[in-house]
Amino acid sequence: MITIVGAGSSLAGALIPLLIDETDEPLHLISGRALPFEDEKIQTSIIDVLDKNALKTSIMEAMPNTIINCAAMTSVDRCETERNMAWSVNVTLVENLTRMARIVDARIVQVSTDYVFDGLKGPYAEGAIANPINYYGKSKLAGEIVCLSGSNAAAVVRTNVLYGTSKERPDFVRWVLDALDAGTPVRVVNDQYSNPTYIEDLADAISRIVMRKRSGLFHVGGADYVSRFDFAVKIAEFFKGDVSLIRAVTTAELGQAARRPLRGGLVPLKTETDLKMKMRGIESGLSSVRHAMLSK
Ligand SMILES: NC(=O)c1ccc[n+]([C@@H]2O[C@H](COP(=O)([O-])OP(=O)(O)OC[C@H]3O[C@@H](n4cnc5c(N)ncnc54)[C@H](OP(=O)(O)O)[C@@H]3O)[C@@H](O)[C@H]2O)c1
């Protein structure tokens, strides 16, 4: 049995179909809301994951051999202003899940971010020293630490700028395409760098970590290192939209609540060597997005 916490997240939307195809394991989904998945291998618990007793009951009933945590407060600016909630979701929940994993003797996979780094000299390999500059990054780093120090069967998978075909939440690609469709100009930062990650590559890496029973830190990031502005231009070009609607701004001009690491991104060293994955670049990722859009 594999338990997926935060089963309503964008990531889980890619991970659940993959695990149904690639493993014989039944899946136990935990979410705060009703989910669209239907399969004989799936059982679902709709609970508030911040309710420790409800979480414990659900996990003790399922007795999973693996817990994958996709739940997180992912809005970087909200984390800055709603710090108690950010800590509850990004740290306390992970601490509780790690303890429960130990009790039922399950492995645990925690998903994290390149925002644990300060962005002075990315992209970063797994051995780089973390130094978060905003509360989201601080809480996610604390989540990594409680997970890795609380279990000797724990893996932490860091990723950055996810995009794909999620129906759950609009991602960066969807946001740009919607603006282009509406003919609305979009202001995109030209000084924040990352290697955008096709969400199914992340799901694939997590599936390999689970099946190969891997522990420790893994970085999952796409093959192309670009600024957000360059990414938006590539999206517009690929989908034959009006590139002139993409307008460059600096991070300082945007004046967001939380500071952003500028040169972020991740070198997927262990993912490519140990997990034997080849990360796709933007062109290939956008082809997959288009293919999925056309087959809907
Ligand atoms: N998206 C990115 O670009 C990105 C980049 C780097 C790292 N990551 C990491 O990747 C993981 C998955 O990200 P994602 O974008 O797929 O997440 P997402 O779509 O924002 O979903 C997060 C899920 O967490 C749960 N959640 C959020 N706030 C909660 C609260 N207050 N109480 C209880 N549950 C709450 C919800 O699960 P239910 O709907 O099931 O209740 C929600 O669907 C996270 O660990 C994130 O930090 C994402």
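Helix axes here are lines fitted to C-alpha atoms over the stretch in contact, and angles run from 0 to 180 degrees between N-to-C directions. Helices (H or I, at least four residues) and strands (E, at least two) are DSSP runs, numbered from the N terminus.

This is a predicted model, in which local features need pLDDT of at least 70, side-chain atom pairs count only at pLDDT 80 or more, and totals for chains, interfaces and linings use all residues. Residues are numbered from 1 along each chain as its sequence is written.

Helix α1 (residues 10-22) packs against helix α7 (residues 199-211) at about 50 degrees, and their axes lie 9 Å apart. That angle makes α1 oblique to α7, the class left over once under 35 degrees is called roughly parallel, over 145 roughly antiparallel and 65 to 115 roughly perpendicular. The crossing of α1 past α7 is right-handed, meaning the near helix is turned clockwise from the far one by less than a right angle.

Here are the residues that meet (C-beta atoms, placed from the backbone, within 7 Å):

| Helix | Residues in the contact |
|---|---|
| α1 | Ser10, Leu11, Ala14, Leu15, Leu18, Leu19, Glu22 |
| α7 | Ile199, Glu200, Leu202, Ala203, Asp204, Ile206, Ser207 |

Now for the whole protein. Its secondary structure comes to 11 helices and 13 strands. The C-alpha trace spans about 55 × 40 × 35 Å along the principal axes. Of the 296 residues, 47% are buried, that is, have 20 or more other C-beta atoms, placed from the backbone, within 10 Å of their own. Among contacts between residues at least 6 apart in sequence, 78% join residues at least 24 apart.

How values were computed: Two residues are in contact if their C-beta atoms, placed from the backbone, lie within 7 Å. A residue is buried if 20 or more other C-beta atoms lie within 10 Å of its own, exposed if 12 or fewer, and partly exposed in between; C-beta atoms are placed from the backbone.
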